[in-house]
Every structure is written in structure tokens, then in C-alpha cells.
Amino acid sequence: GDGKSFDKNGVQFVINPHDEFSLNKAVELQEKAGATVTILTVGDASVDPVMRKALAIGANDGIRIDADARDDFFVATQIAKAAKEGGFDIVLTGKESIDYNGGAVPGLVAGLLDYGFVNGCIGLEIEGSTAKAVREIDGGKENVEVALPAVIAGQKGLVDEAALRIPNMRGIMQARTKQINVVAAETTASKIEVVGYEKPASRGNVTLVDKD
């Protein structure tokens, strides 16, 4: 109504697709190496159903930073703080969100933590304290190695799309008993101010041109 915020009424939120590839990779590592997978979201109580879906896919537990995800730096600050306190070996994110498409959060998290960072990751294997990653670059692929702990920003290709997990009844029932820890947000100044949202200009009338 005020032209400065997104109207969430009637919106059915889903897991960000890039995050979903990273989540599935994390669950794969859980099965292969006995990893513990903790999901982390910055948001209010309205995101709980989406977190429960992530738990049903196979994550062990969750952390919800109770705050409005108002800008990239704020979100990255919250993730970095939780990752540092949790002592996680790998922070797996999507390369960007599909609402704002800023793509800044993963790199900011890595910078705040002073961790190695791989963006656009389409392949990942862990060997001891080293992550061997394949990332997409213009015109090809690049193989890189990074010491753990590290931030890995995944995308389509990180796991086979056909292998993406859909919560089954057993997973859904288990998710109800898994813990989501709700914590207060770290105080930080916002780096941006929303002046307003505008819809794209309407397209003009179509002009038909005679083939002759």
C-alpha cells in the first residue's frame, strides 16, 4: 500500500531453488560422511513452514534469526554470527535469492568470517579438511580447492536435478519433532533504504507489419 514494501498476503513461499540444491548437497554429505546439517534462515514466524520442509528433506535442526531480512548486509551479518558461534565446517548457500537476485549474501558472509569462498558451485566433494569444488565460469568450468571452513554458494548442477528430494511422510513426521532455535538478531545498521517499488511500464500496443 505504501509502495515501499512487499505485500506478503496470499503468498505461498517456497525454498529458494539455489538454496534447495545446496540443501540437497548438504544432506548428501550427511549420508556419506556423517555430517550434521543445520538450516539457517533470517525471517519472522511466517518462514517456519518452509524451514519444516527443509527439515523434512533431511536437515537435523534449524536456526531462525527472528528479524525481517531487509537487506544483504543485515542478512549476511546474522548468518556470519550464527556460523561462527556454531563452528560450522561449511556454510552452504544458494548463489542468490530469486526475489531480489542480489547475489551478495554469500560473498559478504565469507568476507565477514574471513573464510574461503566458492561462488556458482556446480560440483563439490570433501576430502579431509579440503573442499574440492567445480564452479561455473564464462564459457566453461573451473576446478578449485579451498581449505575448510569455507562458504560455498551453490546453484543448479550441484546435485542432479532428478535427485532433488521431495519430503515423504516419514520425513514430514520426523520434521515435527526436530528443533528450530529462534534467536534474536544481531544489531546492525541497514546499508540501504527502500525509496519505493515501481511496476515496469506497460507494453505498448502491438503493431502488425504486412509481410509485403
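1. Strand 5 (residues 130-137) and strand 6 (residues 140-147) pair through eight bridges, running in the antiparallel sense. The coordinates come from a predicted model. Alanine 131 has valine 146 of strand 6 as its bridge partner.

2. The turn of this hairpin has two residues between the strands, and glycine 139 there takes a positive phi of about 80 degrees.

3. Helix 3 covers residues 72-86, 15 residues in total. From first C-alpha to last, helix 3 reaches 21 Å, close to the 21 Å expected at 1.5 Å a residue.

4. Both ends of helix 3 deserve a look. Just after the helix comes glycine 87, with a positive phi of about 65 degrees.

5. Which residues of helix 3 are buried? They are Phe74, Val75, Ala76, Thr77, Gln78, Ile79, Ala80, Ala82 and Ala83. Their cover includes strand 1 (38-43), strand 2 (61-66), strand 3 (90-94) and helix 4 (105-113).

6. Glutamine 155 sits in the loop between strand 7 (150-154) and helix 5 (169-175). Is glutamine 155 buried or exposed? Its relative accessible area is 7%, so glutamine 155 counts as buried, the cut-off being under 20%.

7. The side chain of glutamine 155 makes a polar contact with the side chain of lysine 95, at 3.3 Å. Leaving aside neighbours within four places in sequence, the residues in contact with glutamine 155 are His18, Phe21, Lys95, Gly120, Cys121, Ile122 and Glu136.

Notes. Residues numbered from 1 in each chain as written. Predicted model: local features only at pLDDT ≥ 70, side-chain atom pairs only at ≥ 80, totals over all residues. Heavy atoms only, no water. Helix = DSSP H or I, 4+ residues; strand = E, 2+ residues; numbered from the N terminus. Expected span 1.5 Å × (residues − 1). Buried < 20%, exposed > 50% of the residue type's maximum accessible area, 1.4 Å probe, protein only. Contact = heavy atoms within 4.5 Å. Polar contact = N/O pair within 3.5 Å; in protein donor to acceptor, adjacent residues only side chain to side chain. Pairing = 2+ DSSP bridges.
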